[in-house]
Amino acid sequence: MRDPAGQNANNADQVMTQATWVNHIESLIAQGLSQKEIAAGMLKPTQKTGYLNLQNKPYLIKAGMGRPTYPASVAAVLKKYFSNIEETAKKERQELENTSGKGALDYGDPQGDEANRKMMATAMSNWYDAPISPQDILFTVGGAGGLHLVFEVLNQLNDNVPFRMITPFPHYSLYASNPGHKLHPIDVFKLPGYKLTAEAIEASIIEAYEAAKEDHIQPKAILICNPNNPMGTVIDAEEMKKIAVVLKKYPDLRIIFDEAYTEMNYVRRGLLEILEDLLKENPDLKIILDEAHEKMGMEEKVNFLNLVGTLLQQNKLQNEHLPELRKEYQKTLDIIMSGSISFNLMYHLFTLRSQLSHIENAAKSLRIDRTIKDTYGDKVYHSLRKLTTALEKDSRLSQMLEQAQAIKDKENASLAKLAPELVDRIIIMRSATKAFSAAGERLAVLMAFDPVFMRELKTLQINTVGHAPRSLQKAYAETMANLNEKEHLLMKYFYKAKVDYVTQRAKQMGITLPSAEYHTEGTFYVPVDLSELFGMKIPEGATRALEKEGVVSNDLELAYSLLYKDLLSISPFSYCGVDGKKGYMRITCCSPQDELCEMMDRIERRILKVRLEKNQKMRHEIEQLLHSYENIETTYSKSSLLSEPSSKDRWGEQSSKNEPPLSSSQEEERSSIEDFAREIRIRYQNIHKEKKPSARGIQKENKQLENILSELRPAIMRATRLGQRIAARKIKNFLSHNFLTRKDDNERKKQQREEDAIWKRVVDKMFVIDCPQKDSLLCLTREKRMVYTEYAEAINKLENTGNLPQRPRSQ
């Protein structure tokens, strides 16, 4: 591999190397090069081929690296942070002799500023429903930086002796970047739906310990990416419980969780999603909710569900907390009025009054009136009114909020909560890169609950970068603290809609991965199988990067060929430890909808072209095979062996009385051949014919052609020379009708007119004047016409001379 500057890139991260080539091509487009020039490897535009105006300007679609596009929520925090510093700096410039230093950006704590760690610890405790303290938090320079720290600390604690790290394959490319450890795979492609299981983990751990007996490389850690990159699978709470049981058996293993995409977990339901599912258990409420979702856009749906949650919260306040508080307030007031006055009683009374006032105001804060209509729109307003009326009749109303919270706690249980005894061995990496669209700012946090491990992480950070930028610490901590149910659900809807669209298009094209059980449950990635594109020519421009000419034979070559030919960047699975011969690719679903549509159109055009070429090649092979057997010389005449079936037996009864009869063995062989031909006809006669070939339609037809080829040769080879000719003609008659001809309607009509003209000349010779018998003969089908020798000879002569396209005989 080479980078755009021509430097050796074999030891560089391949994901970043591809990104540099993407940037290089963008610069070529900016210089005015056309798509053809880029594919040809040109570095300067020519007047003849370069694009002449912006309408013709090619554009590159970037769907390789994880490129989050949800509107960034950290920007507001950063703006506020720097605005405060700027205001202080302006004031202090006026009295430079008496500056306090608050107008400058000072160094911070290597582990992270305490206020930021406290904020993040609270947010993480709520997320994992487990106690996390500020001492467990370390802010790092991006997720990659955090993982590098973890890997290096593991190296140091293992005295820099190489060790095994168990992890699912495919994996995030960075996992393989540290020379201190050897990755030991858990092959998820062998698992149902490619989902990681406790059973597979234990099997891999046992294998790792067995392998260590041979090479003395001991397993020291297990690394789990959840949701998985690149597969997008998620480990649910039930499976996590089983994993906890397995990991308890192996106390020497550190447990590392890469949760860079945890906010994009479509399986993990939030409170609003659970409430919606509970409401839908009531048929009347389900109708209202389904109607509302059909009418509403993405943001309207989220606002609607958020208001429903608020309504339920108000109902709980009015029915439970308010009566209890009022009772307690009245009781305290009665004691005071009786003369038992004390400071504590008066303080308690004022506290109760404040709480009562707050809850009364909160209970009245949402009124389904004009304000709701003006703020959220007509659709939300009318749906909410309908739902409120129906909710009053639901007996579960008072318990619904608690029920939803209990379900959420059960479904989203973390390993730290499920198995507290494992906590000291757990390290968790969380990143703002993906969820909060801050890839360029490098925001991440590590959680480590073993004080020794945290001390080593902190020391290593001091010796490398000192500490993470203080502004970014605050931005991440504050954004995470303010991530509410509504904002989180909107983020999930945003990416899931894109993932669903790309998945649907991939299914329509027939390029999804083989497992029918598999689907993306998290992240914004969709894996596809593009191995069909192997064999396409590597464009000249891509040879600079690949240092290879010829045809595509692996996924890396395919990635660069698509980059140069179709201006499309997607990631090969070989970056993730998968054999490049599989042809699996990862599509990032972050672009705007029109760009996603164009991206899938480019893939479909490329796939369709390859499938059509394959289709024509197989058709030609079948025709050549059948033609070779048709020309075998036998003692029987051509007219006898290739005669058209009569009306009594459509499968080749010999119609000519002048031909010698077939022997019993020949009759038996012909009967067997007819059975085979009939079987083919039954299996393929209902093939859907598409007016406009589609990628999926041609794929199905190619599969049928492959089946024919695999059965045709051995079936004919087993026959005698006579049988081979009979089989070849019978099967070709059928295949010509179903596969081997593609004619448009105009050509068919022209052929029909020519055949009708020939038949009319034959009939005119039989009848000089018009009569009923003549009219009946003119209406005969082509099959019945063929019993008349003059007509049959004329048609065969035209077909053989090429004046009339061969038409398949009726089956």
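Let me start with a term: buried means under 20% relative accessible area, exposed over 50%, and partly exposed in between, using a 1.4 Å probe and protein chains only. This is a predicted model, where local features need pLDDT of at least 70, side-chain atom pairs count only at pLDDT 80 or more, and totals for chains, interfaces and linings use all residues. Residues are numbered from 1 along each chain as its sequence is written, and side-chain values use heavy atoms, with hydrogens and water left out.

Helices (H or I, at least four residues) and strands (E, at least two) are DSSP runs, numbered from the N terminus.

First, helix H4. H4 covers residues 114-128, which is 15 residues. From first C-alpha to last, H4 reaches 21 Å, close to the 21 Å expected at 1.5 Å a residue. That expected span is 1.5 Å times one less than the number of residues.

Which residues of H4 are buried? They are Asn116, Arg117, Met120, Ala121, Ala123, Met124, Ser125, Trp127 and Tyr128. Their cover includes strands E2 (137-141), E7 (426-431) and E8 (443-448). Helices H15 (415-418), H18 (470-481) and H19 (485-509) are also among the covering elements. Just after H4, aspartate 129 takes a positive phi of about 55 degrees.

Now strand E8. Six of its six residues are buried. Leu443, Val445 and Met447 lie on one side, and Ala444, Leu446 and Ala448 on the other. In a regular strand, side chains alternate between the two faces of the sheet.

Last, the pairing; two strands pair if DSSP finds at least two bridges between them. E2 and E8 run antiparallel, joined by five bridges. Isoleucine 137 stands opposite methionine 447 in E8. E7 and E8 also run antiparallel, with five bridges. There, methionine 429 has leucine 446 of E8 as its bridge partner.

How values were computed:
Contact = heavy atoms within 4.5 Å.
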